[in-house]
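Hi everyone, thanks for coming. Please have a look at the sequence and the structure on the screen, and then I'll walk you through a few spots.

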Amino acid sequence: MRAHLLPFPIVCLLAVARAGSAPASLPSPRADDALKRTLFKDLRGREPELRQKAAQDFPTDPWSRDDAFHAFEADRAEELARKQHVALTDVLAALDDGIRDEHSRGDMTLTATVPPCHPRAIY
Amino acid sequence: MRSCLRSVATRAPLRLAFFATLALVATWRLLGTAHAINVFRDAHVLSHYESIARTTVLRFHEAPLWDPYYCGGMYLLGTPQARFVSPTFLLTLLFGEPEGEALTAFAMLVVGLEGAFRYARTRSASAVASLVAAPVFGLSGIFAFSPHYGWVNFFGFALVPWIAAGTRRALAGHVRGAVLAAAGVAWCTGFGGTYAVPMVALWCAFEIVEALALAVRARDRKRAVDIVRMALVVASLGAGLAAVRLWPVAETLADAPRVIGGAPGNEYRALARMLFFGLENDTPDGQFFIGALAIPAGIVAIVHRRAIALVAYGGLWAWLGAGYGVFPSLFAATQALPVYGTLRYPERYLILFGLVASTLAARGLTVAAALARARSPRRPRFRMLYVAVLAALSLATVPLLRQHLASATMRDLGPQPVTIERPFHQARGNRLELAYYAPMERGSLSCWDAYPVPESPLLQGDLPAEERLEDARAGHVTERSWSPNHIDLDVDLERPARLLVNQNWHRGWRTSAGEVGSSRGLLVVDLPAGARSVSLDFVPRSARGGLFVSIVTLLGALLVLRRQTASHLVLDLVAAAPVVAFAAALLLFRDSSVAAFVPVAPTGERIVVDTLPAGARPLDTRFESGVTLVGASIETKAARAGSTVVLELDWMREASLEAGLGIFVHIDPSKGDALSGDHVELSQTLLLDAAPPGKILRDLLPITLPKDAGKKEWKVSVGLWRVLRGGSRVRIVQRGSATVAGDQVVITSFDVR
């Protein structure tokens, strides 16, 4: 056995073991339907204000404006997940389900489209 | 100590173990949080590409070609920043994306350290010196900093020394060097090396110039011809091996060119802070950290004549890194080259400066060791010098490792997303939370990448079925099976009808029945009447052709890999193989769907018309770059605070046009903050460069007035500026009927109630 061949694979295995034994985060509690409705209501209620704020930041660029709105929306979704101690997935799913539900009933208050992607030439 | 170092340095398994140990320490915290996801906005997108590639392979058993989960569907293989065409994808496949990401960082650090060692060896540094100096590049700041933002594809820079070393060996006549360099280029391209590949191409160009200069100085014409021949072999093999990724990426960027504006620049003092100061949040300090402890060895190398070329390299990288901050600007000159015009951050050239520093340090230590060994009255002093330089260079690893550990703790981490199994649907989504969408079987229409991803304005995030008929009364559509590259449908039509698929069109889609097309960028299929099964497949020519070229090139590379040298005929054949394969691929493979591009604004209006729209005020103001502002209009009667008014500028370009122009729009109130409407795409759709000459080009710009816009007079002025060349304004050469001031046209003034 050539001993000098061993150290490299051993160190590589240590790296794999370290990654494999990394602590997994505890699964966040899931939101029930009632809580999902509350989450959607919160996000829905804030959307006009957040869109207006984004429009003030980007008055002439539809994609940047929408992107800025999504940044505000993401902040709020994360805040809700933290406050309600639920998975962020459930907050985002509540928004998606809520938009679908409203649109199926003809209430098109929230838009389900986005302006096409156009990153700015200058940041 | 010295013999121990020599033993480690000269025996590859021990050397790799040493480098792996350094990499393990550097990534210790990264590996310790491998089950968490990086929630920085860029990380969401970049890790998504890797995750979806894994999902496509493991769950759908398909090649990762198309990504329906982002932007309404995008060409995954053609996305420049995706990194899955790389051996490290095996780690992702085996362990999952977050774990694979940490292990990729570990693996690429080892690759970078060994590469820096090998490059220093090609520059006549001793094995011990190369070993000790390798961390100056291999652990440099970019590799500590990249995981912080999720920029894992920046580990592609770890391949730079391999490519440079391979090129040097090739130029010295070793054909294996050409294969090594080409393999490095292919890996780097597949790893999403959007900066690394063009930058290393410059490095290779410098190597060729250096080799040619030496041949010319030696008046060795044959040698010069051999160098040119080998340079062509390296370039051809590199492009050929990378073709599986290069062709799709080139196709994507040709379809959706990115225009980067501005005049980014850095003072040399700022560059020094990036190289020698510690990492600090929200500043560029330390982003390319190499530390000061390599300086003594570098100084020893610089006083030695054989380091002249390396010093010149370092000067060039620093000069490029200064961007527009110095005059004359080498960076500005490179911006005129294809691809280089899209490199926004000149300071990233400092990554290559790190390799120069590492190699110089290795050379310096080698020189110091030689002086310490030489019989000379000053030998005791030289021995002290050697010990001091060796000690400083060895200690340089400590702050480098600290940078890695510090950077790993600065990351924003979140839990892995929850999986919800259900049928796939597009959603409005949110690109800043992208990692959470695919696991809940939703695509995110909200989209960002560093290039304008082709995205249809007709995509919807609320549909009960992702495939539907334009005329719902024409029949029925049922989805039988769905996967990223393949959709099976049962269609029953009473009359011919158009099928709408809620994804973006791409020329690589083909259908088993009817004809694939694009409706304002949406994927559609025109079908005849009758009941039938319809299969949609994504099989783009660039993927098939690219794979074909890569395989042919690989066979050629394997042919010469067993030889130390090769005859001119063999070299010429190997260099020609990728070109012939590419020509054959063009003939063999075809895209079935070709859509005529009809420029339409996101709001649906045609933007290329023959006559000036009704209501537009004729202006006929001509700019010197071959563009005329034919007319303009703005409806301001209902303008009030918070409302949106639409400014229409009607342009016409001549057949000859200065490339890279942008339109500036200044919206100035009588008091308070001005608004800017600067842009490069007419109606967010069409670049002036790509617009047809002699037509009216409508540029619709929505302007949302601020909440405090009332009781002010607003003045709108427009003009042209050179986006790609430092931002200077384009001169007006003919005023027409417009009011002109300072090379800008005053369009209108209006009061807001």
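Let me begin with a definition: a charge sits over a ring if NZ of Lys or CZ of Arg is within 6 Å of the ring centre and within 35 degrees of the ring normal. With that in hand, look at chain A: the charged end of A:Arg51 is placed over the ring of A:Phe69, 3.9 Å from the ring's centre. In chain B, B:Arg348 lies over the face of B:Tyr195, and here the distance to the ring centre is 4.5 Å.

A quick word on the background. This is a predicted model, where local features need pLDDT of at least 70 and side-chain atom pairs count only at pLDDT 80 or more, while totals for chains, interfaces and linings use all residues. Residues are numbered from 1 along each chain as its sequence is written, chains are lettered from A and ligands numbered from 1 in the order in which they are written, and side-chain values use heavy atoms, leaving out hydrogens and water.

Now to rings that meet other rings. Rings of Phe, Tyr and Trp (its six-membered ring) pair if their centres lie within 6.5 Å; planes under 30 degrees apart count as stacked, over 60 as edge-to-face and the rest as tilted. How many aromatic pairs does a search of the whole structure find? Over all chains, there are 32. Take B:Tyr324 and B:Phe331: their planes are at 80° and their centres 6.0 Å apart, so this pair is edge-to-face. B:Phe331 also forms an edge-to-face pair with B:Tyr349, at 6.4 Å centre to centre and 80° between the planes. Both B:Phe331 and B:Tyr349 are buried (under 20% relative accessible area, with exposed over 50% and partly exposed in between, using a 1.4 Å probe and protein chains only). Ring pairs join these residues into a cluster whose members include B:Tyr119, B:Trp203 and B:Trp317.

Last, the strands, which are DSSP runs (E, at least two residues), numbered from the N terminus. Two of them pair if DSSP finds at least two bridges between them. In chain B, an open sheet of four strands runs β8-β9-β14-β11, with antiparallel pairing. Its edge strands, β8 (475-483) and β11 (509-511), each pair on one side only. Eight bridges link β8(B) to β9 (residues 486-493) of chain B, and B:Ser483 has B:His486 in β9(B) as its bridge partner.
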